[in-house]
Each structure stands twice: as structure tokens, then as C-alpha cells.
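Reader: I am new to this structure and would like to learn how to read it. Could you take me through some features one by one?

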Protein chains: 2
Amino acid sequence: MNLNVFLMNAGHHEAAWRHPGTEPHNITDIRYFQRLAQIAEQAKFDSLFLADGLAVSKNIKHGAFIGLEPFTLLAALASVTERIGLIGTVSTTYNEPFHVARKFASLDHISKGRAGWNIVTSGGEAEARNFSKDDHLEHSKRYERASEFVQVATKLWDSWEDDAIVIDRSSGSYADDTKVHEIDHAGDSFKVSGPLNVSRSPQGYPVLVQAGSSEDGKEFAARYAEAIFTAQQTLAEAQAFYSDVKSRLVRYGRSPEQLKILPGICAVIGQTESEAIEKERELNELTVPAYGLQQLSTMLKVDLYTYPLDGPLPELPGVDQINGNKSRYQLVADLAQRENLTIRQLIHRLAGGRGHRTFAGTAVQVADQLEEWFTSGGSDGFNVMPPYLPGGLEEFAQQVVPELQRRGLFRTEYTGTTLREHFGLSRPANQFASAALSR
Amino acid sequence: MNLNVFLMNAGHHEAAWRHPGTEPHNITDIRYFQRLAQIAEQAKFDSLFLADGLAVSKNIKHGAFIGLEPFTLLAALASVTERIGLIGTVSTTYNEPFHVARKFASLDHISKGRAGWNIVTSGGEAEARNFSKDDHLEHSKRYERASEFVQVATKLWDSWEDDAIVIDRSSGSYADDTKVHEIDHAGDSFKVSGPLNVSRSPQGYPVLVQAGSSEDGKEFAARYAEAIFTAQQTLAEAQAFYSDVKSRLVRYGRSPEQLKILPGICAVIGQTESEAIEKERELNELTVPAYGLQQLSTMLKVDLYTYPLDGPLPELPGVDQINGNKSRYQLVADLAQRENLTIRQLIHRLAGGRGHRTFAGTAVQVADQLEEWFTSGGSDGFNVMPPYLPGGLEEFAQQVVPELQRRGLFRTEYTGTTLREHFGLSRPANQFASAALSR
């Protein structure tokens, strides 16, 4: 079983910053993240992961998703950890492939092979307005650009063969220029000559991760991704998603083991079940309705402020109207309908994991849930989303991880040193190896 | 006196990688840079600095300026140092202000106020071809874009007032939204709404550094820069440059102390003068003529391969033909003429510091030179460029620094914790403080 920890400021619950055990003042203090990384590494997590966006949400009165930038934060963590993978979110819509390829190669060198890239296409119109664009690119166009972006990046990572650098002091030969390649890429979105200005990194490429679960997202994942973070509310949905995505791999000449599917789990852990449920209730009571309303209105693209909190959702726009996170829209719409939730109940259901699965119980009950999903075709592991930090991570690390280890489901020691080794993924071959010098 | 160390792979001398004491295999190993940073911090250097480019030079057979990307490298160094400033080169021509502002704010948080930005406009056509551009922007257009870029960045850094984050758990108030500002920038090159998605950093802004010495570059420095790295061959030239740049500050309502002028010095240090000269000669003999010829041909924009190495330079194009580093072109042309150098002699003169001043002597002689420039209006300090690493830095730290300390010219302990404090620069006021919420 692969376990990634998804670190989010004071925790994933939207009211985590109001919880007395959290440290919202410390989210720009690197020592806070160092502690979290070290807890996760001691528990032998495969990786830690940072989400990111390129704009501030409107409702900053009651909470804001702001903080340190992933490359700088992960590089700083690389210096104080030794084994845990470091996965950062970077958008293909508002970046240039040369910069992104360079930074991931650099992070992979610095961490000695522990870098991962969560490839996102950016969901929000506010982001466009920070990058001299009036409009956000349409959903399928974003994925077309993302596809070309990843192709350019892999060419750049391969532009130096592994043995291109010679360093023969006596002859004065620094590099074998037949093993350094211009890529001469010219496509619809990018024209990039190359080569990259850093040598090939320990993993060849960072581990490629994807978190979109729309039709475009699943197809993109099947083609490029080596791990997928996904939100699944029920085992049946998780199984359907799992077999759907895995079945797509063959079209790209890939086998099922080459893509790890990791649904999110936001677990509130108690010594007893009733203590866990009480903890979850206390967190939900700390939510500020105006904040949840704003989040939900943005997600569903409908103004909910004029509807009674204790009444049902109004009629929603169709998924074709959504140009942000299509799969999350569908999940939330289905959830509200299936469980017949009022707006307030829906806000509470989303407060923990924004659509990811939430669960309150003992460590044994949490382990039971993970084991069931893992052994019945629902997942290859999990994206662990502590509701509050550092406490929620400490509880998972100290109580759930040992239980999974006792059951033989999770490693007790790292056996590899790179993130690819943790995930059981092979190092990619170089597409230019033994090709003639292209310049 | 302010001392910055300019770290460059195996060292600044172009043949450093062939020197038996250097570690060219380790330039992508973070532990190598950690050692260098720690040597410099023990010697109480103000800062360390990394140059950067966005393309590989053509002649990779005999040396290449490649390596780790500055943000990731500096963030990794921030974790293992405590006081030394961390200055990274980032181009305004091939980046977006939102990304750059975010990363520097993040690096400044991570380092607790030690970030500096060497603002460059990029000099080479090869860089354009890595960013979907056919042509490199013309020199003055690059500076226009740089100026707007810096203005957008400062607005973004100010978009959160220092006390905007409230975190009142009981009332549910996370931020005071009257202290968070949309910037609504709309100019010739950029349209950026803001606010930035990270809070204002310890220094407010990173220390702004500039390294161009052309007319455009000097004017840009006078307006924005707080430190300037410059190449000056003689004291007379340094004095002229110093008084020229300092006299420009008043036009922007700034005082002379607000801009530190730091000429480069590439010193080969020996126990005796003759030992130092012999070390320099050995280094020069390790140069590969084809490499120096290619560098010089690019710098002067003339094909030198067809001219005899032991003859004079051919006629050069005028400086108006140069769309890269105009001031370096002028310096090299003047140097060749003044000293009546052959092509080979010029290559040797440039091998150490690419146009920066080189000097071979004992530690006392080096200190004499630095003292003379510093006390006679030539500089506020120096950009120390060790010809080979780590040895050249160790010799400077262990021999020259103590000599400067004995003379009362350089600190014996850090008195501040931020780079601004080391340089004696004030923290910038927030341009939006107490302004009404602009949204």
C-alpha cells in the first residue's frame, strides 16, 4: 500500500485554523513544515504532497489558501529529510515548460531522486487575471496544452543523456556533445529548442502525478501519470474509477502497475468511535457558514447566498457549464442528491475534505476502511489528508500506520532511496539515447 | 565593507573544472553548495550569489554553464544556514511577475529575511528560442519590461499589509480584508489583478540587485537597485562608474547609501606573490583555446576563428550592434585596445573573470587592493569571485577576510539577521498601507 500525506496549512478541515491544537501562525515558517515532513518520514510515508493555486480565494475574512510556493518549500525540505518523496503542484496553463523542467530536474538532483510533479491545468478564472489573460482557457484546451507541455518537459529531461558529462581533465573534454540534444520542439502551444541547462536527474523524470478525474483528466492520467490523487466518496465509486482508469492504460502501451491510484482520506481519529465523532462534530461547529457558502457557490457555479441554509440545493447548471474542476462538481452534485442533503449539511460534509472522503473512527476502524478499499480493487494506496495539523498527522502516524504494518499492508522500513523506488516505478529510458546529435 | 561571494560551479576561471582541487562532478550535489555556503557564512560574508542563464552555451565540449536552478538551490541552502544572504538571478524577460514575486516572498519567509534578487533582462538569443520566441527582445525594450516587472512585483509584495493576518479563533476572523489589496495593474507588458497568495515577507521585498552597467542598466539600477554587481578593470574606471551611478540616485529621491556598488574581484591568492602568479599561469594554461574563442566571439559578436590567435583583434562591430551585454562588450573592447593585446592574451585575461578584474598576489596584497578601492571612492564592497572552488573561497575566507578584519574594514560578527540589515538597507514601507480596500 502506498501512502502519501497531503499537507495543507493548518489541516484539511476548513475550520482547522480555529482548532486549538493547530498552528496557523506558522504556515510561512519552514520549521513547521520540517516537523511535519519528519513525522511523515519517521512513519515511512512514500511521499508528502503540496497543493497550490495561483490566486487568493475571495473570502479571506474567514480563511485563505495562501502560503509558501511549492518549489522553494520542497527544496528547503529536501535538505532536512532523506527518504520521503516530495511532490509539488505546478500548473501547465500558466507556466513555461523550460522553467518547470529545469526546476523539477533541480529538485530531483537536490533531493537525490525524490521529486514528484502533480500536474494541474488550473481551475479558476482568478488565476488567469494574475497572468495577463482576460479569460481562463477552456477545459479541453487546457488538457491539450498540458499534454504538449509534458511532452516538451520529457524531451528536456532527456536532452542530456545520463553519461553525457565526461569531465576528462587531461584532454579538456567536459561533455560528449553527441549525447547532448537539441529538442527542436515546435507545436501548437510551444516552440522550445533545448537542451535543458541541467544534467539528467537521478530519477530521469520526477514521478508524474495527476489529480483531475474528469473524462479529459482520466485520459491524461492514463497516458502520462504514474500516480493519481482522486476524490471518491464510496467504495463502489472508487472501484468503478479504479477499473475505468486502469483499463485505459493499455491504449498507451502501459501496464496497470505503472499508475498508482490514491483516493483521498480525511480521517478524524479517536480512542473510541464516539470520541472521534465528537471531535468531528466540534470541528464542523467551528466552520463559518459564509466561508463554506462561498466555497460551495464557486465550486457549483451558482449563487447560494439567497437560498435558505437549511433547505435543499437549487437547480444546478449542467457539468458542461463548468470550466474549473468538472469531476469535483459532479461528485458534490451526486452526493447532495444521493443523501438528500440541505445546504448546511452539504457544507459540513465538505468541510473536512472538500469532496474527499471523510471518516471518523478509531485507528483500527480507519485501518479496516483502508484495508477494505485496498484489497477489493478500490485503490493502490491513499492520499492521507489530516483534518488538523500537526495532531491529525501524528495520530495517523502513531496509531494507523502501526496497525497497517501489523497487518502486513505497509512497509516498516524504506527499501529504496528514490520516490520511484517507493512507488515501485521504473526509471524512464532516455528517448534520445544513442540518437545522433541533433544539432 | 560589504562582501558577497559569487559561487560558480567549479570556480570562475574557465579552466577551473580542470584544476585538480575542484569538484566539477559535484555541481548538482547540494552538499557541495552547502559546504561552500557554510565556509562563506563562517567568514561572515553578507551574501552568496548565483548567476543563471536560460540556455546552454554552444561549446559544451570544453565546459558548460549548467547546473541547479537558483530558487531550488537557494531554498535548500536556507535550511542549512542561518545568517548569510541568498541572492538569485531571475530574468524579467522570460518570466511572469506573479511567479517571481511569489517565489522570492517564499524564499524570504523560508530564510527568515535573507533573500535577494539579481534582476537580469537576459542577454542571449538562445534563451528566446527556449521560450517560444523567434527573436530576443531589443535591449531598451527589455529594460522597459524589467521596469514594469519590478513595479508589479513590489505591488504584489505589498498586497498583504504586515498586519493583515489576524487569526482570531474565537470570532472566526482569519484576515482583515481591508489590509489585503488587489493591485489591478494594467500596463504595456502585464495585466495582474493580485493580491499575491503569500503574506508579506520578513524583508518586505528581497534586496534588489542589478548587474548591468550599460546606460539603460545604470539608470535602472539608480531607480530600483539596492546593490549592483559590476565589472571594473581599473580604479579610475571604478571611481568614474561609482560617482556616475551614485549621482543618478537623487533623480529618484534616493540617497547614496541606498545603493551598494560591488565590483567583481577574481583573486588568485598565494603565500608569496610569485606563487600566486605561478598559480594563475597554471590555470591559464589549462584553458582550451576553442572554448575561449567561442566565448569571445559571442561576446564581441564577431567570428574570431579565422584570425590568428597571436594577432590582434579584427575591427569590431559598434556597440549599437550588440543586443546582449553592452557594457561587457565595451569593457573588453577597451581592454584589448588599451593593453594592445593579441587574441590569445585577451582570452587569458578574460579566463579568470570574464571581464571582471583579476588579481594575483598574497592575502595582504589582495587586502591592500580592496582597501584602496573601498577608501578611494571605487566601491562599497566587493563581489568576490573565487577562481577555483572550494579552495579559492577557503583561501579568501581564511587569509583575506581576517586581514580585512584586522584593518577594521569588515565585520567580525553578524550584527543583524536579515540581508537588509547586513547591507544597512531599510525595510521598504508598504505602498498600500492604510489605503482603502481596493476590491
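Predicted model: local features only at pLDDT ≥ 70, side-chain atom pairs only at ≥ 80, totals over all residues.

Reader: Where is Asn130(B) placed in chain B?

Author: Look at the loop between helix H4 (125-128) and H5 of chain B; Asn130(B) is there.

Reader: And what does the side chain of Asn130(B) reach?

Author: It reaches the backbone oxygen of Leu54(B), at 2.9 Å. Leaving aside neighbours within four places in sequence, the contacts of Asn130(B) come from both chains: Phe98(A), Lys191(A), Val192(A), Ser193(A) and Gly194(A) on one side of the list, Leu54(B) and Ala55(B) on the other.

Reader: Now the strands. Which strands pair with S4(B), and in which sense?

Author: To read a strand, look for its partners. Strand S3 (residues 85-91) of chain B pairs with S4(B) in the parallel sense, over six bridges. Strand S9 (residues 207-210) of chain B also pairs with S4(B) in the parallel sense, over four bridges. For landmarks, find Leu86(B), whose bridge partner in S4(B) is Ala115(B), and Gly116(B), which stands opposite Val207(B) in S9(B).

Reader: Is S4(B) mostly covered or mostly open?

Author: Mostly covered: S4(B) spans residues 115-120, and five of its six residues are buried.

Reader: What unit do S3(B), helix H3 and S4(B) make?

Author: Follow the chain from strand to helix to strand. With H3 covering residues 97-110 of chain B, the three elements make a right-handed β-α-β unit.

Reader: How should I read a helix, and which residues of H6(B) are buried?

Author: An α-helix has 3.6 residues a turn, so residues three or four places apart point the same way. In helix H6 (residues 215-224) of chain B, the buried residues are Gly217(B), Lys218(B), Phe220(B), Ala221(B), Ala222(B) and Tyr224(B). Their cover includes S4, helix H5 (139-157), S9, strand S10 (227-230) and helix H7 (235-248) of chain B.

Terms used: Residues numbered from 1 in each chain as written. Chains lettered and ligands numbered in written order. Heavy atoms only, no water. Buried < 20%, exposed > 50% of the residue type's maximum accessible area, 1.4 Å probe, protein only. Helix = DSSP H or I, 4+ residues; strand = E, 2+ residues; numbered from the N terminus. Pairing = 2+ DSSP bridges. Right-handed = clockwise from strand over helix to strand, strands pointing away. Contact = heavy atoms within 4.5 Å. Polar contact = N/O pair within 3.5 Å; in protein donor to acceptor, adjacent residues only side chain to side chain.
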